[in-house]
Amino acid sequence: MAVLLWLPAKLPIKQTSDKEGPAAKFTKSKTQEEEESMMPAAKERNSKPVGSGTGKATKEAACPSKQGSKQAYSHWLMKSEPESRFEKGVDVKFGIEDLKAQPNQTACWDGVRNYQARNFMRDMKVGQEAFFYHSNCKEPGIAGIIKIVKEAYPDYTQFDKKDPHYDSSSTKEKPKWSMVDVQFVRMTKRFIPLSELKAQHQAHRASGGPLKDMTLFTRQRLSVQPLTDEEFEFVLSLEEKPS
């Protein structure tokens, strides 16, 4: 998804010379604002990863549950930039149409450099679904649905000195950053803009509705965010409403 900026063995994608990466080199864009909130290393040590579903999952799997002091989620919102923006001479643009154009409509979600966003990705499970959110653009909002097809593994861009997301403090023996592979599922029936989601959030804060605590507004800078089952289903219901 700066980041704003992935694959089962049977799903070929773009080629890369890095054995730790997927079969294809892919620079994903994450928004500037969310990565400005990168936590210091001390917070990484103290952070508690939050768990990660598909809209078709069983009720037990789809609903968040407590696992000790940690809440498990099964739905997500993942941000990426659909408009060109260059970092170190590399265009980090990657919208949902770019994902659709990949072999098997699958790619890695690399370039995340925020510890909490990384931890969320580490909790994702194969088959879980996420909203593909267009960010840092003229009209931000939800453009479609993707699913996780490979769970977290080392993000190869952290080792590539030519990549905008290179991290000299990370080693292959002790990699700091992870990525997952995602696959296009479908476009939403209509584009759901941030302005509409914000209006719903504000209304729900007063009424106690499902979007009252949506991470998109409480931790808006995160490029990878968890959604409760209730939040995911409510946002899906907005597809059916006229724009």
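Which residues do ring pairs link into a cluster? I found that ring pairs join Tyr73, Trp76 and Phe120 in this way. Rings of Phe, Tyr and Trp (its six-membered ring) pair if their centres lie within 6.5 Å; planes under 30 degrees apart count as stacked, over 60 as edge-to-face and the rest as tilted.

**Basis.** I noted that this is a predicted model, in which local features need pLDDT of at least 70 and side-chain atom pairs count only at pLDDT 80 or more, while totals for chains, interfaces and linings use all residues. Residues are numbered from 1 along each chain as its sequence is written, and side-chain values use heavy atoms, with hydrogens and water left out.

**Entry on aromatic pairs.** I counted five aromatic pairs by the ring rule. Tyr115 and Trp177 are stacked, because their ring centres are 4.8 Å apart and their planes are at 20°. Tyr115 belongs to helix H5 and Trp177 to the loop between S8 and S9, 62 residues apart. Helices (H or I, at least four residues) and strands (E, at least two) are DSSP runs, numbered from the N terminus. Both Tyr115 and Trp177 are buried; buried means under 20% relative accessible area, exposed over 50%, partly exposed in between (1.4 Å probe, protein chains only).

I then looked up Phe131 and Phe232, whose ring centres lie 4.7 Å apart with planes at 25°, so this pair is stacked. Phe131 is in strand S7 and Phe232 in helix H8 (residues 229–237), so the pair ties together parts 101 residues apart in sequence. Phe131 and Phe232 are buried.

**Entry on the core.** I looked up the largest nonpolar core, which has 23 residues. A nonpolar core is a set of buried Ala, Val, Leu, Ile, Met, Phe, Trp, Tyr and Cys residues joined through side-chain atoms within 4.5 Å. Met78, Trp109 and Val224 touch the most other members. Among the elements that each supply at least two residues of this core are strand S3 (75–80), helix H5 (115–122) and strand S9 (178–193). Another core, of 17 residues, lies apart from it and includes Phe131, Tyr133, Ile192 and Phe234.

**Entry on strand S10.** I asked which residue of S10 is the bridge partner of Met78. It is Val224. S3 and S10 run antiparallel and are joined by four bridges; two strands pair if DSSP finds at least two bridges between them. In a regular strand the side chains alternate between the two faces of the sheet. In S10 (residues 224–227), Val224 and Pro226 point one way, Gln225 and Leu227 the other way, and all are buried.

**Entry on helix H5.** I recorded that H5 is largely enclosed by the rest of the structure, because seven of its eight residues are buried. At the start of H5, a side-chain oxygen of Asn114 comes to within 3.0 Å of the backbone nitrogen of Gln116.

**Entry on two polar residues.** Is Thr106 buried or exposed? Thr106 is buried, with a relative accessible area of 0%, and its side chain makes a polar contact with the side chain of Gln183 (3.2 Å). A polar contact is a pair of N or O atoms within 3.5 Å; within protein, one must be able to donate a hydrogen and the other to accept it, and residues adjacent in sequence count only if both atoms are side-chain atoms. I also found Gln200 in helix H6 (residues 194–207), buried with a relative accessible area of 18%.
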